[in-house]
Amino acid sequence: MNILVLNCGSSSLKFQVIATDLEVIDRNEDRQLARGVLERIGTEALITMRAEGRPAVRDAVPLRDHRAALDHVLRWLVSPESGVPGITSLGDIHAIGHRIVHGGEKLTRSVLIDEAVIDQIEECIELAPLHNPANLKGIQSARQVFGPGVPQAAVFDTSFHSTMPPESFLYALPYQLYVRHRVRRYGFHGTSHRYVAYRYRQLTGLNHEQTNVITLHLGNGCSACAIKKGASFDTSMGMTPAEGLVMGTRSGDLDPSVLEFLHHKEGMSFDELDSLINKRSGLLGVSGLTNDMRDLLSEEREHEDRRARLAVEIFCLRARKYIGAYLARMNGADAIVFTGGIGENSAEIRARITADTGFLGIVPDDGRNQELVGGREGEFGAEGSRIRLFVIPTNEELLIARDTLRCVLGVPRRW
Ligand code: ADP
């Protein structure tokens, strides 16, 4: 089955076309037929698209909205020039899988999209005011183009964390606020944490019950997850993605009273404070330079930039704090898995996060660590490391395609 995976942001659309089937999944032979990114939708959009085995096609085209962006992608997919294998008409796309950021408390599994599901995704808009409306635009656009004959599934960033116990997901706020407004921790990046836990099982031959790991998704957004017996037991992001680790532009954990203080001192409104902690903090805020880890590391190396170094140090220390916290939370773990743009590519950051943690049984092997970059998967713990260390490149789109297939076939997922 050819599945179009859509990930719609407020002004972006990312897509992949993945050919998969149940036997294909068993053999791990799903094929990525095409992929692409359309950014700055609403103005002159920047477009990069690539068919399997072909060079990328880059273009700049004015695209009014997500519907226009989807039309653009589909025209390219079916055109002979694109060279996407097996796709010559819209009929060659058999189902659509959407990445949806917030599923709230009710949408705890990937589901086929119907009116009731759309209503529930709409209900979650107040929890994810930037993300869910864009995700819904993707669903509506695909429905307009493909009609009711092509099934669509929703895969939620939050659903993997629905197994967290109340002690993990409740804030120490008056309980009535949870009852009245569902103020609680939901967690995000669930598809990524779930995918790397699945790959960890494949690499180690362990089963669900035996999967006790800490996963660190370190990209532009960052989160840690304590996975116990294969299920999310605790995670660092909260009611919104602002909580937890230091990120590219988000502060992560913060004394909440800082906001009131800044409101008085700087006369900042709630909107400005929200933008401060989500868009102007983190690596960017501390360094005053950039949210890009690659650039910070080279500033630190080449110019000995003090604030670049501080930003990286705070980033690494926060990650290390969470490792310590989750080891205590789970009474130990068998492995730590690094993923996301930074986790997959930066041996230096992995080394700095795992430095001086021998007491906890975490001992990296420098040589092996250096080798695991550029999409390579593998293990980098030293011989005597009690806790195994892995780098596993994430693949959320693959999981979305496989979940969509299973929803369409009505087959329960096994992992
Ligand atoms: P997103 O969360 O937007 O999907 P990614 O997972 O692609 O982002 O991660 C982006 C981050 O990964 C950026 O901070 C980028 O600098 C960082 N990154 C990518 N390659 C490297 C590298 N070789 N060394 C250090 N950081 C890297």
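Are R99 and D157 buried or exposed? Select both to find out. R99 is buried, and D157 is buried too. Keep in mind throughout that this is a predicted model.

**Stop 1: the R99–D157 pair**

Stay on these two side chains. R99 and D157 form a salt bridge, with their closest N and O atoms 2.6 Å apart. Now colour by secondary structure. By the rule used here, the count of salt bridges comes to 23.

**Stop 2: the two domains**

Zoom out. Colour residues 2-156 as domain 1 and residues 205-391 as domain 2. The C-alpha centres of the two domains lie 29 Å apart.

**Stop 3: the six-stranded sheet**

Select the strands β9 to β14 next. These six strands make an open sheet, and the order across it is β11-β10-β9-β12-β14-β13. The pairing is mixed. At the edges are β11 (231-235) and β13 (378-379), each of which pairs on one side only.

Strand β14 covers residues 388-391, and two bridges join β13 to it. The two strands run antiparallel. Pick G378: V391 in β14 stands opposite.

**Stop 4: helix α14**

Select residues 347-354, which are helix α14. This helix lies across three strands: β9 (213-218), β12 (335-339) and β14. Relative to β12, helix α14 runs at about 150°.

Show the side chains of E348 and R352. They meet in a salt bridge, 2.9 Å from N to O. Why are E348 and R352 separated by about one helical turn? Because they are four residues apart in helix α14. R352 is buried, with a relative accessible area of 18%. E348 is partly exposed, at 31%.

Salt bridges with shared partners join E300, R301, R309, E313, E348 and R352 into one network.

**Stop 5: E300 and R309**

E300 forms a salt bridge with R309, and the closest N and O atoms are 3.4 Å apart. Which of the two ends is buried, and which is partly exposed? E300 is buried, with a relative accessible area of 6%. R309 is partly exposed, with a relative accessible area of 39%.

Key:
Residues are numbered from 1 along each chain as its sequence is written. This is a predicted model: local features need pLDDT of at least 70, side-chain atom pairs count only at pLDDT 80 or more; totals for chains, interfaces and linings use all residues. Side-chain values use heavy atoms; hydrogens and water are left out. Two strands pair if DSSP finds at least two bridges between them. Contact means heavy atoms within 4.5 Å. Axes are lines fitted to C-alpha atoms, for helices over the stretch in contact, and angles run from 0 to 180 degrees between N-to-C directions. Domain bounds come from an automatic or database domain assignment. A salt bridge is a side-chain nitrogen of Lys or Arg within 4 Å of a carboxyl oxygen of Asp or Glu. Buried means under 20% relative accessible area, exposed over 50%, partly exposed in between (1.4 Å probe, protein chains only).
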